[in-house]
Amino acid sequence: MPKRSEEMLTDVWTSLMLVWITCVPYTSMTPISSQSKSLQTGSTALLRGLVEGQRILSRAKRGWVWNQMFVLEEFSGPDPILVGRLHTDLDVGSTPIKYVLAGEGAGTIFAINEITGDIHAMKRLDREEKAEYTLTAQVTNRDTDQPLEPPSEFIIKVQDINDNPPQFVEGPYRASVPETSQVGTSVTRVTATDADDPVYGNSAKLVYSILEGQPYFSIDPNTAIIKIALHGMDREMREEYLVVIQAKDMGGHMGGLSGTTTVTVTLTDVNDNPPKFSKSLYEFVIPEDLAIGQPGGKVKANDRDIGENAKSTYNIIDGDERDVFEITTDAQTQEGILRLKKPLNFETKKSYTLKVEAANIRFDPNSGAPFKDTATVKIAVEDSDEPPVFSKPTFVLQVDENAPINTVVGTVTARDPDVTGSLVRYFIDRHTDLERQFNVNVDDGKITLAKPLDRETDMWHNITVTATEIRNHSQISRATVAIRVLDINDNAPEFATEYEAFLCENGKPGQVIQTVSAVDKDDPIQGHYFEYRLIPEMLNNPNFTIKNNGDNSISVLAKHDTFRRQKQEMYFLPIIVTDNGNPPMSSTNTLTIRVCGCSREGIVQSCNVEAYVLPIGLSMGALIAILACIILLLVIVVLFVTLRRHKNKPLIIKDDEDVRENIIRYDDEGGGEEDTEAFDIATLQNPDGINGYLPRKDIKPDLQFMPRQSSGPNGGLPAFRNSCLKKGATFRTLRLKYNVHHLSHQALCIVEPNLTMSILGGL
């Protein structure tokens, strides 16, 4: 019985769970299905729902009870869709009320029934454009439009539907991964976005998958990370892969929307291939006359890798004991270039066998050693007609500078290295012996002297001798011959420079006047030694003597202190210089000694005789300048005296020539003809006044002045006027009268009362 009761209780709980599972989805959808129902209010408690919990709500003060309103996006139908209904407890039927809606989309997107409070969506809505709208509801009196309650704000949310497919905004993608990567190695990550609501339902829940690219790659359905799915992917087999990725919403379930993108995956190279010679044996034929450094052959090791991984270096590892060859790498073609380091000689060695190795420059340290390969190179030396070979590349010969013409200087030798052994002929390259000073015997190579030599002109002669085969004149060899000219004593010594000595008048006996040395163009093996002496005529010279300094130089000394420029200004001292050659050579050189005036410290001041007679501190230039100034002053004095004499000449000249009558008036102060007190009118009317002047009666004779005469019509008038003004007088009146018999000039100067003299002038 208890067991039966327990089973019945279990069935009841099971039924309740089924009801719960069945009702919960509808409960969550209640805002959608019950939007057509009124939002009830009352004085009693309102059940808000199981989801919000069992709690009792008291009556709102304003009389409103709100639930969030929803409207389905993209809904289209013949009639507006009902969003919800507003209701207030004031709506009891007796009060004329009106519902008013304001806010976002009020009147355009959303409309309200003023009487019932029903809200309808008038347009098709898109959540991706706007997810929610905020509106304000208010109840007013229908008759008076007076508000019965304060306005209240509520939200209408646009409920999402799956209407947007996933999109890869950053696609298409490119990625790279090293070849031979392990399975599971990450390649790249892609990202898709969905504009649907990620909160509501599975509209934005994405699942990723590969449509193309298996079995090489895989993708994580949730993180979208692409990984290597196949082991040992080789770039040399296939370098690039195109992977197509799909993103599907609704969790990948049927009915979900999808979007695709492409990912181009490139396998990057790793050094996983060794270099490989195209063949194991290379054969070359190299002529023995191939120049050093020239290529003799090429080898090539191919590498399937690329870039730095394909670069190789070549080495000769065997068969080159004589170090005749070297191999280098061409950076462009990656070929090994075989070059000569030493000349080949067919007569000595006719073939070589080398072992060449090619190794990668870059290698994986984990592998322990770089990839490499080897090949054999066989070289056959080809015989060539070689030019003659001199016994020495350079010959050094010597000859005396006084050797006669046709003297044998030396011999050069050359031979033909070929097996046949051709005879050789010798010649001098005349570009190196322009003066043709040497000859060579064409058969035996003896070099002889063609012209006399002078060591002092050219100590060395460098000529080039050529050797040519008789059978093949194109085979020519050259050798340098350096000929040294040996010295003989054929030049006399001479003064090292043109000496000019200075001797002070106040010098002391035994004073060193000059140190003299000599030079010799010859170059004796034992070195130079010079002997100095005075000429026999000067052995008893009373003025000078010489002293040997022991270093191939001498000092010239004064014997007394009575040298004077007035007595003798210059002395000439001949000196004989002799060398120690065989035979000895000598020459006579003259030393010039000038007597000079010196300061107390022995510093030379002047060596001219004229300077001795000049005043102290005055040079000849200063004296000339002083004399020129004196002459200039004398000229000025003479001119001044001449001008003074010219001013004392009479200014009135009697002239009987027929002239016109002129009257010249000055605006200076004057009394005119009525001024009879100032002068005697008879003087103006008396023609005899020309030769003199009539004194004023009212002026003392010793205070009167007569200006000097001047020639020409009224020529003395300006001078007279200036004389009056210079004397402090006033030029009062002037009248000039010309007649047919003679010219009469009279002028009068009036002195102010405070002056002590008056001037009367008659011209």
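**Close-up views of a predicted model**

**View 1. A three-stranded open sheet.** Strands β2, β5 and β4 form an open sheet in the order β2-β5-β4, with antiparallel pairing. This and every other view comes from a predicted model. The edges are β2 (81–85) and β4 (110–112), each of which pairs on one side only. From one strand to the next, the twist averages 30°. Strands of a sheet pair through backbone hydrogen bonds, either parallel or antiparallel.

**View 2. The β4–β5 pairing.** Strand β5 covers residues 118–121 and runs antiparallel to β4. Three bridges join the two strands. In one of the pairings, Ala 111 has His 120 of β5 as its bridge partner.

View 3. The model holds twelve aromatic pairs. Phe 390 counts as buried because its relative accessibility is 10%, under the 20% cut-off. Phe 395 is buried too, at 3% relative accessible area.

**View 4. A stacked pair, Phe 544 and Phe 563.** These two rings are stacked, at 5.4 Å centre to centre with 20° between the planes. The pair links distant parts of the chain, 19 residues apart. Phe 544 belongs to strand β36 (residues 544–548). Phe 563 sits in the loop between β37 (553–558) and β38 (570–578). Both Phe 544 and Phe 563 are buried.

**View 5. An aromatic cluster and two lysines over rings.** Tyr 216, Phe 217 and Tyr 241 make up one aromatic cluster. Elsewhere, Lys 349 lies over the face of Tyr 352, 5.0 Å from the ring centre. Lys 350 lies over the face of Phe 346, at 4.8 Å from the ring centre.

**View 6. The largest nonpolar core.** This core has 25 residues. Those touching the most other members are Phe 544, Val 556, Leu 573, Ile 575, Leu 591 and Ile 593. Two or more residues come from each of β33 (500–504), β34 (512–519), β35 (531–534), β37, β38 and β39 (586–598). Strand β38 gives the most, with five residues. In soluble globular proteins, nonpolar side chains tend to be buried together.

**View 7. Contacts of Val 556.** Neighbours within four places in sequence are left aside here. The contacts of Val 556 include Gln 511, Val 512, Ile 513, Gln 514 and Val 516. Phe 544, Thr 545 and Ile 546 are also among them.

Methods. Residues numbered from 1 in each chain as written. Predicted model: local features only at pLDDT ≥ 70, side-chain atom pairs only at ≥ 80, totals over all residues. Heavy atoms only, no water. Phe/Tyr/Trp six-rings, centres within 6.5 Å; stacked < 30°, edge-to-face > 60°. Buried < 20%, exposed > 50% of the residue type's maximum accessible area, 1.4 Å probe, protein only. Helix = DSSP H or I, 4+ residues; strand = E, 2+ residues; numbered from the N terminus. Lys NZ or Arg CZ within 6 Å of the ring centre and 35° of its normal. Pairing = 2+ DSSP bridges. Axes fitted to C-alpha atoms, helices over the stretch in contact; angles between N-to-C directions. Core = buried A, V, L, I, M, F, W, Y, C linked by side-chain atoms within 4.5 Å. Contact = heavy atoms within 4.5 Å.
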